[in-house]
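Let me put it up.

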Amino acid sequence: MAEHLTNFPYLTCMVLSPVIGIAIILFLKEEQKFLIRAVSLVSAGISLGFSIYTFVAYDRALGGLQFVEKYEWVKGFGISYFVGVDGLNAPLLLLTGIVIFTGVLTMWELELRVKEYFAFMLFLVTGVFGVFMSMDMFFFFLFYEIAVVPMYVLILIWGSTRKEYAAMKLTLYLMAGSGLIIPGLLLLYATSGLYTFDLLKLHGVHFSPWVQKLTFVLLLFGFGVLAAMWPFHTWSPVGHVAAPTAVSMLHAGVLMKLGSYGILRIPMYLCPEGFQYWSSLFGLLAICGIVYGVFVGLAQTDLKYVIGYSSVSHMGIVALGLATGTVDGLNGSVFQMFAHGIMTALFFSAVGYIYDRTHTREIHELGGFCKIMPVASAFFITAALCGAGVPGFASFWAELLVFIAAVRVFGIGGLIALASIVVGALFALRVVQNSFYNEPNPKFTHLEDVSPFLGLPRMILIATLILFGIFPSLMLDLIKTAVVPFISGL
Amino acid sequence: MKAVALFLPELYFLLMALVLFFCSLRRQTEPSKDFRLFLAMSAGGILVGALSLFQQGSLFFASYQVDLFSQVFKLALAGGVFLVALICHRLPGVEDRFHAEFYLFLTTCTVGMMMLVSAVELLTIYISLELASYSLYILIPMRQGDGIDVEAGVKYLFIGAVSSCFMLFGLSYLFGATHSTYLVDILPKMPALLASPVGLLGLILSLAGFFFKLSLFPIHFWAPDVYQGGANQLVAYIATASKVAAVAILLRFAALGSSYGYSFAQILVFLSIVSMTLGNLVAIIQKDFKRMLAYSSIAHAGYILMGVLTLSESGYTSVIYYAVAYLIMNFTCFMVLSEVADDGRDLQIAEFAGLYHRSPLLALALMMGLFSLAGVPPSIGFTGKLLIFTSAMNQGYFWLVLIGAVNGTISLYYYLRVVYAAYFMDPGDLPKVVPSPAIRWTTYALILIIIGFGVFPMHVVDLARTAVKFVLYT
């Protein structure tokens, strides 16, 4: 991959902006709530600005790795600070920027331990940005862990519904995943003979088949835990339900993509033979996830559980796209990571708003909520339609591409997954009907609808979904610049 | 004059011991005066250690080697003593009239350890080790208590004596087989010797004395009792400075086995795996904070051994880095412990309940220290552990790294329990904790070091790499 150095450190600024935000917040007093929120918003906004800039200014004709910054970090161990943007991570950086920005806006009304909340959230997002932009395995893993650990604290303090259980379960699951990732990464490092963590240099090495097979399966399961790959998904619905709104947004929207992005960026990139060997297992697990998520979701009565299981199913689609190992599949998969991220953020943000007012997420208790809060309900319904794969939204294109590839590669398995999407539509419509179009619950009639300010973050998310739904080429042209050379290397 | 310059840190600490000895002769007890003197002199120790960092030479008929390797460790030891001195401002665990003696023996112990890291001759090594051990034999039962201190003291004495016996036995084998007590002479004969059981047995038994200090399986079982029975400040010293010295000499000694790898390394692999797994599993069920840290130190001895057994430059470098990291992060936990237990009692994990409300700063320090011990980034512990894993993998120890990584996950569970208590449990009627300004600034500095050196490890790593060249002869 060609590297194009940059003359201005866009990416470093993107990742440091939240860090500086944290540093300022730490010097503010808990009482200065407005200032704390403003600082978080500004630092998230700066990151968002940079991520939009890299997305737009990425030279699609040139391709390769752009905005590259590379400094030697620890010479003796071959560690370098090496960040860059290509077609695979540009959409994900943009996604992170959008979700954190809207996440801060969504939590504007938070009153409990505001200072720490925003500090931890910015810390988490630093890790996420870092993972997406790192081209060095050491920093990749460093940022990966940074993104995972604050979740424990965030769920434990600001969460709800069995939060202690959920926080511990989530942390231990994800750390167990890291326990598989470390040996996998280090095996690549050690057997390459180059003693470098640099992904591009390692790409030039031909690893022996058994190293490729072993590493691939270690990293597949290690990252698979975070990507909620069936059967390692059980932490995810529980965790999402327990987490506070913006954390669910970030977690389901962005963090889970770290897992699938990790699979794409490291094991698939470096171990093509391992991928060939394990791809049918990978595909099978993905299909299981899709079908399982849909059917378990059908039985749920809590809105957040419904979304949690739909996430399992949608992440299965991402994994299925990767498992096909084709241009269409990977295009769709990366696009689906982006689309699902925005969509889930919208889902959780809508549910969070409703829950804050009604203190319930039971579908039957909400009843005809559409008559009480038409705008809030509209947000949720939009997300549900998007989740069902209605044309006009970004996820339609993503799912279409993935299923075209899947049916071609996996045949009957792809068809089964596709069929379950129909059930998924049923699933979405059932939830929408029962919670928004039944008889309204008189308990909630006094509630006010979303104010324009609080509606703003949700509007941004919807606008993004529709923009990329109508002009998918904005995204696909970019992704293609990376996927085509990627596949030819497989 | 050159000799004095070479021996300067040891001389300084000897002088310090002498001054403290005169203090202990005073008729009236003046604990605060003793404390200030000890603090000031140990601060001077850091300065002396830093000044003599780049000294190089040998002393006492070449039995005593001064090089960057030894000086780095001496600086770390001086730093450790100074940190421990900082938390001695309240020393409720020890009777007032014994404070001067307490400081005196801490100092002599440090002298012993400083000599240990420079010693390159078997008898010098043994004598230095015993000087350090005897000081600790006296220090442990000094705590005011209900007899648990005596039990701990006796246990430490007996196990220490037994491990010394093993060590002497092993050293006699080495001496008998090579006709020399100098490491320089022994080294070229090791490849031939290690092929025979005598050499292997001699080397492994000789390491027993260092395994004891490091609380490595199978000589680990003193740790929980001594940690619980000793005064908090003393245990902070045992858990930090004493471990660092053990690591240093272990590195120097294990290098003897570097010429002939397999069975020697296999034994260490076994010890490392058992030590970290056992330590982490038993730590889960502990209720007493110090006992938990004791088992965590057994687990960490396993991690450290993982780097030692690579017998490679990168492995040694990462062990030095990790030893320094371990000193910092473990000390952070002990500092919080001794501040919270202001009357010198043993602290149950449950007594950290609501520490966040009682002292947010200490709660943050505790969390940073524990996360660093667990290997969570961005911290010095994470980077250290990853460097160790990297170098072990470079030597092809795949399973060892896998087990180590899984152990990291297990350990997170019990560290998180303490964090949970500190942040999420109701404080009830537990009192507020107000750290003094000195402790507050130390806490800021420690947190900064934990994060700063975790993200920017290059300078320490470079220094360690240069230092390693002096011990790894091959």
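So, starting with chain A: of its 490 residues, 63% are buried. Keep in mind, please, that what you're looking at is a predicted model.

What does the secondary structure of chain A come to? We get 20 helices and three strands. Taken along the principal axes, the C-alpha atoms of that chain fill a box of roughly 70 × 60 × 45 Å. For 490 residues, a compact globule would have a radius of gyration near 23 Å, and chain A comes in at 21 Å, so the two agree. And if you take contacts in chain A with a separation of 6 or more, 80% of them are between residues 24 or more positions apart.

Now over to chain B, and one helix pair there. You describe two packed helices by the angle between their axes and the distance between those axes. Here, helix 4 of chain B, residues 68–86, packs against helix 20 of chain B, residues 458–468, at about 135° with the axes 7 Å apart. That angle is why we call helix 4 of chain B oblique to helix 20 of chain B. Who's touching whom? From helix 4 of chain B it's B:Leu68, B:Phe69 and B:Val72, and they meet B:Leu463, B:Thr466, B:Ala467 and B:Val468 from helix 20 of chain B. By class, that contact has six nonpolar residues, one polar and no charged ones.

Next, the interface. Chain B puts 26 residues in contact with 22 residues of chain A. On the chain B side, helix 14 (313–340), helix 17 (380–394), helix 18 (398–424) and helix 20 each supply at least two residues. Which of the helices gives the most? That's helix 18 of chain B, with 11 residues. Sorted by class, the side of chain B that touches chain A has 19 nonpolar, six polar and one charged.

Last stop, the largest nonpolar core, which has 391 residues. The members touching the most other members are A:Ile155, A:Ile342, B:Ala245, B:Leu250, B:Ile304 and B:Ala422. Helix 14 of chain B gives the most to this core, at 19 residues.

Let me zoom in on A:Ile155. If you leave aside neighbours within four places in sequence, A:Ile155 is in contact with A:Lys163, A:Ala166, A:Ala167, A:Leu170, A:Gly239, A:Ala242, A:Ala243 and A:Val247.

That's all from me, happy to go back to any of it.

Note on methods:
Residues are numbered from 1 along each chain as its sequence is written. Chains are lettered from A and ligands numbered from 1 in the order in which they are written. This is a predicted model: local features need pLDDT of at least 70, side-chain atom pairs count only at pLDDT 80 or more; totals for chains, interfaces and linings use all residues. Helices (H or I, at least four residues) and strands (E, at least two) are DSSP runs, numbered from the N terminus. The radius of gyration is taken over C-alpha atoms; the globule rule is 2.2 Å times the number of residues to the power 0.38. A residue is buried if 20 or more other C-beta atoms lie within 10 Å of its own, exposed if 12 or fewer, and partly exposed in between; C-beta atoms are placed from the backbone. Two residues are in contact if their C-beta atoms, placed from the backbone, lie within 7 Å. Axes are lines fitted to C-alpha atoms, for helices over the stretch in contact, and angles run from 0 to 180 degrees between N-to-C directions. Angles under 35 degrees count as roughly parallel, over 145 as roughly antiparallel, 65 to 115 as roughly perpendicular and the rest as oblique. Ala, Val, Leu, Ile, Met, Phe, Trp, Tyr, Cys and Pro count as nonpolar, Asp, Glu, Lys and Arg as charged, and the others, Gly among them, as polar. A nonpolar core is a set of buried Ala, Val, Leu, Ile, Met, Phe, Trp, Tyr and Cys residues joined through C-beta atoms within 7 Å.
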